[in-house]
Amino acid sequence: MFLFVTKYLIPKGYRGMAVFPIVFVKHSMDKENSIFVNHERIHLRQQVELLVIPFFIWYFLEFVLRFIQYKNRDLAYRNISFEKEAYANEKDLNYLKKRSFWKFLKYIL
């Protein structure tokens, strides 16, 4: 995993973005935030499991479906299965050591 600080690649309203094998962060202080970095590392694992490109297709399609469902951008984002898994487990710094394959499926409903 590589960490890069860049305020230009991160969408407005977000602090970071994982694109295998890189985590882009908007603020250098986030490089030292173990919970934030763990959240992004969970996304990297999800991307590897889905062979990267299918991850982003799934992510986008699920966002669209959640947006139709909730009619709210933030609620749609927070209810994407990948985000639900990452937020639910970001504080557990050992999560990736014990995480089972395709665990994000638990968070689909």
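In this predicted model, the residues Phe-55, Glu-62 and Arg-66 of helix α2 are buried, where buried stands for under 20% relative accessible area. Seen down the axis of α2, the buried residues fall within an arc of 40°, so they line one face of the helix. An α-helix has 3.6 residues a turn, so residues three or four places apart point the same way. The face of α2 that is turned away from this buried side carries Ile-53, Phe-60 and Ile-68, which are exposed.

Helix α2 itself covers residues 53-70, and its 18 residues reach 26 Å from the first C-alpha to the last, close to the 26 Å expected at 1.5 Å a residue. Just after α2 comes Lys-71, which takes a positive phi of about 55°.

Which helices do the buried residues of α2 pack against? The table lists these partners, with the residues that each one spans.

| Helix packed against by the buried residues of α2 | Residues |
|---|---|
| α1 | 34-49 |
| α3 | 73-78 |
| α4 | 81-89 |

The 3 strands form an open sheet in the order β1-β3-β2, with mixed pairing. At its edges are β1 (2-5) and β2 (16-19), each of which pairs on one side only, and the twist averages 20° from one strand to the next. Strand β3, residues 22-25, pairs with β2 in the antiparallel sense over 4 bridges, and Phe-24 in β3 is the bridge partner of Met-17.

Methods. Residues numbered from 1 in each chain as written. Predicted model: local features only at pLDDT ≥ 70, side-chain atom pairs only at ≥ 80, totals over all residues. Heavy atoms only, no water. Helix = DSSP H or I, 4+ residues; strand = E, 2+ residues; numbered from the N terminus. Expected span 1.5 Å × (residues − 1). Buried < 20%, exposed > 50% of the residue type's maximum accessible area, 1.4 Å probe, protein only. Arc of directions from axis to C-beta. Contact = heavy atoms within 4.5 Å. Pairing = 2+ DSSP bridges. Axes fitted to C-alpha atoms, helices over the stretch in contact; angles between N-to-C directions.
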